[in-house]
Amino acid sequence: MIEVLVVLVIIGVMIGFAQLNAIPGEQETLRAEVNRFALLVEQAANEARSSGYTHACLVGSVGYVFMVKKDDAWIPTTDEILRPREWPEGMTISKMEIDGQ
């Protein structure tokens, strides 16, 4: 179940990145951020498998935070690698779609 959720998140995020607004000329920054985010989602999936806890990623217009569900409560992860992050200046999420919705 966790793996399915993680795969859906990855698919949705990758589709969402196609909708990112970037300042012209900053395509390298955009590519680097997309790659970083994909690696972090993969790390969260690995952490979920190894720990047995459900993980999620909350994505907003200014950044994202990885969460873990413990004792029926969602809390930000304490893992330094999965710390909350902001999108680079000039980047925002304008639209996110999962499976075309």
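Visitor: Which residues does Gly-60 touch, not counting those up to four places away in sequence?
Guide: Gly-60 touches Trp-87 and Ile-93 once residues up to four places away in sequence are left out. Keep in mind that this is a predicted model.

Visitor: OK, and where is the place of Gly-60?
Guide: Gly-60 sits in the loop between strand S1 (55-59) and S2.

Visitor: Is Gly-60 buried, exposed or partly exposed there?
Guide: Partly exposed, because its relative accessibility is 27%, and that class lies between the 20% limit for buried and the 50% limit for exposed.

Visitor: How far apart are Gly-60 and Lys-95 in space?
Guide: Their C-alpha atoms are 9.9 Å apart, while in sequence the two residues are 35 residues apart.

Visitor: Let's zoom out. How many helices and strands does the chain have?
Guide: Two helices and four strands. Starting at the N terminus, the order is α-α-β-β-β-β.

Visitor: And what share of the chain is buried?
Guide: Buried residues are 30% of the 101 residues.

Visitor: What about the surface, how much of that belongs to carbon and sulfur atoms?
Guide: 55% of it, with the accessible surface of the chain at about 6,300 Å².

Visitor: Contacts next. What share of those with a separation of 6 or more comes from residues 24 or more positions apart?
Guide: That share is 58%.

Visitor: Back to the strands. How do S2 and S3 run, and how many bridges join them?
Guide: S2 and S3 run antiparallel, and four bridges join them.

Visitor: What's phi like for Asp-71?
Guide: Phi of Asp-71 is near 50°, which is a positive value in a residue other than glycine.

Visitor: And what is phi for Asp-72?
Guide: Near 60° for Asp-72, again positive and again in a residue other than glycine.

Visitor: Is Asp-71 buried or exposed?
Guide: Exposed: the relative accessible area of Asp-71 is 79%, and the cut-off for exposed is over 50%.

Visitor: Why does Asp-72 count as exposed too?
Guide: Because Asp-72 has a relative accessibility of 73%, and over 50% is what exposed takes.

Notes: Residues are numbered from 1 along each chain as its sequence is written. This is a predicted model: local features need pLDDT of at least 70, side-chain atom pairs count only at pLDDT 80 or more; totals for chains, interfaces and linings use all residues. Side-chain values use heavy atoms; hydrogens and water are left out. Buried means under 20% relative accessible area, exposed over 50%, partly exposed in between (1.4 Å probe, protein chains only). Contact means heavy atoms within 4.5 Å. Accessible areas come from the Shrake-Rupley method with a 1.4 Å probe; for residues, only the protein chains shown count as cover. Two strands pair if DSSP finds at least two bridges between them.
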